[in-house]
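User: I am new to this structure and would like to learn how to read its features. Could you take me through them step by step?

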Amino acid sequence: MINDIFHCSSIRGGLLSKFFFMFIFFLIPFLARAEVVNIPSTQDTYIVENDPNQNFGADTLAIVQSLQNQNCRALYQFDLSGIPGGRQIDYAILSLTVINGNERVTAQQISSPWSELLVTWNNQPSFNALNTTSGVNTWEVTSDVQQFYQYPGQNYGWFLKFAGESNIKSRKNEYYTKESAVGDPVLQITYSPIPSQPPSLLWTQEPGLEIDGLEPEAGGPDSNFTYRIIYHDPDDDPPAVGYPLLHILCAGAEIEGSPFVMAEVDVDDDSYSDGKLYEFSTTLPLSEEYAYYFEAKDHYGLEATGEPILQICAPLVTTMDLFIYVDPNGDDEMGDGTMANPFQTISKGVSSALSGQTVKVKSGSYENNLTMKHGVSVESENGADQTIILGNGNAAVVTFPEETSNCSLIGFTISGGNSDGGVFFNSSGYGSTLCTISNCKIYNNSGPGVRFRGPVAPSIINNEINQNGCAGIGSLVSGSYDKWADTIGELTVSQSGSTLFMTIAGNDIHNNSGAGIALRSQDGGDSYRIEIGGLFPEEGNRIYDNFKAGVALGSIGKVNLQNNYISNNSTPENKYVAGIYLQDVSNDPDFPSYIRDNEVCDHKKSAIRIEGASALVIEGNDLYNNWGGIVFPTSGDSERWSSRPVTIKGNYIHNNTQGSNSKAGIILGSIDSESASLLGKITITENEISQNLMAGVAIFVTCEVEITKNNIHESLTRAGIHVGGGTPSLVIRQNKVHHNPDVAHGGGVDVRSAYGSIENNLIYRNGRGGIRFGNGIASIVNNTVAYNGSDERGGGIIFDDMIEDPNGRASGTSDGLVIIRNNISVFNETAGLRMGEESLCPENIDAGDTIVYRDYNLIYGNNETASDCKWSSGPPYDRSCIQKQYGKCGLIDFTSTLYNPHDIIADPVFINAFLDNYHLQTGSPALGAGCDGTEMGAYGGEYPLLDQEIPGW
């Protein structure tokens, strides 16, 4: 800190009045109560599909109708400008008066402007299909109104429409509009003042920034001055737009551009209650009269308190030489560090430098260990190939000691370190931050290439790190992966409680005796944010041919692995090795870690192995030629079983066939631990999963899984989706599952011990059955199941209790409720829809009710039947044909009564089944024939399959 800095500190005017305002603000919530207002509509009308250019804005009613080519939609909008500022919406109800009709309709946000007297079907505004609520005459719209209140420019009101429009059967409601003399539309809103506390600004407590927000405090006109502060809000309110601000003054007046808007350091961290870091960097002209202070408000306008709002004199910008020079031909005794008279050793240059200076090193070999200094950078003139630092084997070659920050090591070859490694960040206190190692070659050290101890968070960029005795980055010794402490860098959390940001980008990390990167916090790592790779391909690391995992991370608060190439890091005898191995990473489900856009291949174990409390999003990766793609193990210590939500989205998971006991594209649980459980929900969506040796998705434990919009095909030894143990709860929806094998556990979907639903899937040309299920499945709806099975094995939708032979033909009879509706099951090798043995066919009508659980399906051409079984002409039916289609359970009375009175036995008339286009042609008997009035099969119903959402199509 420069001299006399505190003599320049002052309290800015008006602070007393601010405290008075804050007192009054805090008093308000205790005096005020929640208020209720009834707001009439400002615009309302309806639009008609078969009168597409007509406007009905002056009508006294609004019509909502669902009927093919004659749909009607109502539009309502309300003005919220009368609600005072600084309020929260507690509850909101849209209430209309019904003239006719009693059907439930949905209210969906309108997302673009419209005019009551101009809107028609042809120029209607867009709407948000995701945010919906349903009702007859009232709709709970609290979240919508809160959004409209906070962002008035997004308030365009609501569409009222039927879900699943265009039914052949008409549904119709009529409502009053504001033009009617009675029954005005009303939006009833309950709101209350927001009890809020002001934010505060804090010093970061990083080295050099403990009692100010500036580093360095002195430098030249080319120096980069960095200002950093923490914004903290106890109510977790974000700062107002354009805040925090940095004011820089010279001779008492704001410099050009001041105040400056500071930038978020961690844009993925949306928590303000635990503090959020902001930064601004700049150069400044020569002057000794600079001062600065910070300013912030929360988004309710409350001004921040704290020391950073007070003015501080700094920095001192002088003409001092920014460089100290070192040359192998220089002289430590007689030299003065100038270009004309350099020092001989790098250590002398560093010890002589002041904070803000850089030691410039000429080409040559320097045989001495180096200890870095706070605020002093060391940079070679001609790069790593020509500038070498050789250690003496008794310590690390380069050490960053306690509280060494704001410095860089650039462009050296570093070799000859002992077990402490090539570069050692050694701290037990506040650690080292804002340090960079770049463009170095770090190799042939007994320990790690780069070792960490304590709360340290450097940036390691564009280095080559190879042939070190432990990990490339992180670990100390090369012991067993069963003991993290033996293998993982000894990171600890910052004693200041501030967030630590580490970046590892653009490095080539290979042929190290441990992992490529191995990092673990020893005492809880919520304060760590680690970026491995980056947004752009050139920021990714190449991590390959290391003896253990490519990347191993444990107890880290937040991780982003992106655009890395990770290959061939493992030995088969070590069960923990993987391309990416995560344990207890991001244990807060609201702040998951991200694994994005990586290429992970050629590992003798998993591409990605997930253990413990790891909340993750795994997205856009290419995972291939590994033992398994993404693995959630459940053998061994139950504390290591995954217990946080994981989303697996948009990945290409294929050709994972390494080893003799290969696993699937995605494996949930261990094959020998069926009693285990995974507690966090796993979402598997929009992935291309193909040609994996076992299954596309294999499940062996109890867990909650949602499998949607995937393309799963060409598994080699089991079904596309296979449950081999446990009692998982599944949602299998809108997938394409096809060309999976003709083996014992093969076929499309084999979920005989699972619970859940199977909806709107396209399941075709699998070697065994299309859908093979047991008593736990509650609904099988709107699937297209076609051309499955071979060699007289494999039906369409088949119940199997697995009691007789899990690998044999289907057996048993369902004893539970299972809704099977709106499916198309055609041209399968055996039965199209089999629910039980001939003498044990399950009841289809609930006692005392008229609910038919299995009906409205199209069954045709299964079990070598070619005709419609005389189904369409009424009794007497072709008994043999129907029994083949239904596995001997198609009729109650072969002369008059059907089990499934609304079923269809007829050719579905696909557009082109030869080319696997299973959309229905015009005139297909399945169009509009579902129980909900939409088409049968995968492209109808509540969740119609959309080809563009399925990868690979």
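Analyst: Start with a cut-off. Buried means under 20% relative accessible area, exposed means over 50%, and partly exposed lies in between. Keep in mind that this is a predicted model.

User: Let me try that. Is Lys178 buried, partly exposed or exposed?

Analyst: Lys178 has a relative accessible area of 30%, so it is partly exposed. Glu179 is partly exposed too, at 28%. The two residues form a salt bridge, with the closest N and O atoms 2.7 Å apart.

User: How many salt bridges does the structure hold?

Analyst: There are 23 salt bridges. Take Lys276 and Glu264, whose side chains meet at 3.1 Å, N to O. This pair links distant parts of the chain: Lys276 is in strand β20 and Glu264 in strand β19, 12 residues apart. Lys276 is buried, at 2% relative accessibility. Glu264 is partly exposed, at 34%.

User: Which residue forms a salt bridge with Glu759?

Analyst: The partner is Arg733, and the closest N and O atoms are 2.9 Å apart.

User: Which residues form the negative surface patch?

Analyst: Asp236, Asp268, Asp270 and Asp274 form the negative patch. One of them, Asp274, is placed in the loop between β19 (263–264) and β20 (276–282).

User: Now the rings. How many aromatic pairs are found?

Analyst: A search of the whole structure gives 21 aromatic pairs. The angle between the ring planes names the type: under 30 degrees is stacked, over 60 is edge-to-face. Phe400 and Phe425 have planes at 15° and ring centres 4.2 Å apart, so this pair is stacked. Phe400 belongs to strand β30 (residues 398–400) and Phe425 to strand β33 (residues 423–426), 25 residues apart. Phe400 is buried, at 0% relative accessible area. Phe425 is buried as well, at 0%.

User: Which type of pair do Phe773 and Phe799 form?

Analyst: That pair is edge-to-face, with 75° between the planes and 5.8 Å centre to centre. Phe773 lies in strand β70 (residues 771–773) and Phe799 in strand β73 (residues 797–799), so the pair ties together parts that are 26 residues apart in sequence. Phe773 and Phe799 are both buried.

User: Which residues form one aromatic cluster?

Analyst: The cluster is made of Tyr764, Tyr787, Phe827, Tyr860, Phe910 and Tyr918.

User: Where are Gly776 and Gly796 found?

Analyst: Gly776 is in the loop between β70 and β71 (777–781). Gly776 is buried, at 14% relative accessible area. Its C-alpha atom is 8.8 Å from that of Leu817, 41 residues apart along the chain. Gly796 is in the loop between β72 (784–786) and β73. Gly796 is buried, at 0%. Gly796 and Leu833 are 37 residues apart in sequence and 6.1 Å apart in space, C-alpha to C-alpha.

User: What is phi of Asn863?

Analyst: Phi of Asn863 is near 55°, a positive value in a residue other than glycine. Asn863 lies in the loop between β78 (858–860) and α5 (879–886). Asn863 is partly exposed, at 23%. Val909 also has a positive phi, about 60°, although it is not a glycine. Val909 is placed in the loop between α5 and β79 (910–912). At 29% relative accessibility, Val909 is partly exposed.

Conventions: Residues numbered from 1 in each chain as written. Predicted model: local features only at pLDDT ≥ 70, side-chain atom pairs only at ≥ 80, totals over all residues. Heavy atoms only, no water. Patch = residues over 30% accessible without salt bridge, like charges linked within 9 Å, V, L, I, M, F, W, Y side chains within 5 Å. Areas by Shrake-Rupley, 256 points an atom, 1.4 Å probe, with all protein chains shown as cover. Salt bridge = Lys/Arg side-chain N within 4 Å of Asp/Glu carboxyl O. Lys, Arg positive; Asp, Glu negative; His and termini not counted. Charge placed at Lys NZ, Arg CZ, Asp CG, Glu CD. Helix = DSSP H or I, 4+ residues; strand = E, 2+ residues; numbered from the N terminus. Phe/Tyr/Trp six-rings, centres within 6.5 Å; stacked < 30°, edge-to-face > 60°. Buried < 20%, exposed > 50% of the residue type's maximum accessible area, 1.4 Å probe, protein only.
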